[in-house]
Amino acid sequence: MSTQLTKDESSYTAAFREAMRERGAIEPSWLRRMREQSFEEFERTGFPVVQEEEWKYTNVAPISRAKFLPVMTRNGARADANWLASMANEETRNSTAVFLNGIFQPELSSLSALPAEVVAMELTEALLSNDHGNEIQGLLEAGTGSDNAFITLNSALFSSGLFLKIPRGVRIEKPVHLLFAGQASSDGASPAAFPRVLIVAEENSSATILESYASPGDDTYLTNVIVDLRLGSGARLKHYKVQRESQNAFHVGTTRADLGADAGYDTTTINFGAALSRHNIEVLMDHEGAECSVDGLYMMDGSQHTDTHSVIDHRQPRCRSHQLYKGILDGKSRAVFNGKVFVRHGAQQTDARQTNKNLLLSKDARVDTKPQLEIFADDVKCTHGAAIGQLEEDEVFYLESRGIRPEMARNLLTYGFAEEVIEKIKIEPVRRELEAAVLNRLHASLEVE
């Protein structure tokens, strides 16, 4: 495998060694071993390069060259209280966990609306506890062994996060908001954050998770996050991810969901921010009757670059997966979509659908899309497809013939293209905010003159 080892990896090495010295007497031996093995793997492979198939359309050299300083403690940046208040909404006001540069901020968080039975703890505290340590060990160790350098780097360096456990049969009425704020450190350094989130939804439980990323300014920083979800039999989880990082930031996220029998996982990702972003989504269906909806919208402008890689793995019979991803690209922006659906031997009566549609608003925008199906069973319903195009002139003309100005007509059609995904978000204040964000990107309103 081709690798790209850079001088800037020394900052990660220094941070790793310092963290191991400081945590040596605190963390359990299994965690130290996991960190050491993960960092050894990262040093062996280095950051990925475009010669590797999984990264051929996304060049992460800007990340590897940048002088990022890993954030290991709460010292450094200070939260902008007014900005944080503006990010709150009524539905999640007392069910919000705030992270600043990847570090959990208990004094800025409020989780009082969660049922008393629900466990919501800072991850490193939870893994040291007698009640949850063994369970967290199993979850973290199950997530090792990846050849993705960003995953191994997170496993080596994460120093904060959240452990959320929803007991059997418990329903969380209010959405749980995980708010990740990114900004430069008080000394002006560009931070690298490595948050880790573990969510366990036990048998027949249910919840809605809102995972959002934003910044009060245009600072340069790196977010490298892993969110692992495990759903028990019959559990139901809605999961919304909204990525609106600084336009100078870099975002690499990994979402992994392991579904139990008859469990339902419904996730929607909205991707507007960051100069360069990558989202890896993996859904494992190794129990009969599991189902998932994996949807998303990316809207890029200027020189932004976004990359979505999804893997939906059908291993048992009678599972369903539906995926719809849409992209809107303007300026010289670029998007990558690579969706893989595996139907393993014996996974009969699988129902898998995958669609990627892209709308190009400028001649310089570009999309590389590659939906894939690998089927090793014969009693299945599987479809996949991709489309790249521009606005239909006939549709624009139709609206013009009804007295709508050409620019407004194009904005209405573009808005409608995005709305199909945005309407999947059932948290009303968040949906309204995203609708406004789409209009802002279009420099438009929906008022017809």
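I call a residue buried under 20% relative accessible area, exposed over 50% and partly exposed in between, using a 1.4 Å probe and protein chains only. This is a predicted model, so to speak: local features need pLDDT of at least 70, side-chain atom pairs count only at pLDDT 80 or more, and totals for chains, interfaces and linings use all residues. Residues are numbered from 1 along each chain as its sequence is written, and side-chain values use heavy atoms, without hydrogens and water.

**Whole chain.** I looked up burial first. Buried residues are 56% of the 449 in the protein chain. I then took the radius of gyration, over C-alpha atoms. The protein chain has 22 Å, which agrees with the value near 22 Å for a compact globule of 449 residues (rule: 2.2 Å times the number of residues to the power 0.38). The C-alpha trace spans about 75 × 55 × 50 Å along its principal axes.

**Confidence.** I checked pLDDT, the predictor's confidence in each residue from 0 to 100. The mean for the protein chain is 92, and 96% of residues reach 70 or more. Over residues 1-9 pLDDT stays under 50. Where pLDDT is low, the predicted coordinates should not be read in detail.

**Ile136.** I found Ile136 in helix H6, residues 133-142 (helices are DSSP runs of H or I, at least four residues, numbered from the N terminus). Ile136 is buried, with a relative accessible area of 0%. I listed its contacts (heavy atoms within 4.5 Å). Beyond neighbours within four places in sequence, Ile136 touches Leu123, Ala126, Leu127, Phe163 and Leu198. Arg44 lies 27 Å from Ile136, C-alpha to C-alpha, and 92 residues away in sequence.

Notes:
Helix = DSSP H or I, 4+ residues; strand = E, 2+ residues; numbered from the N terminus.
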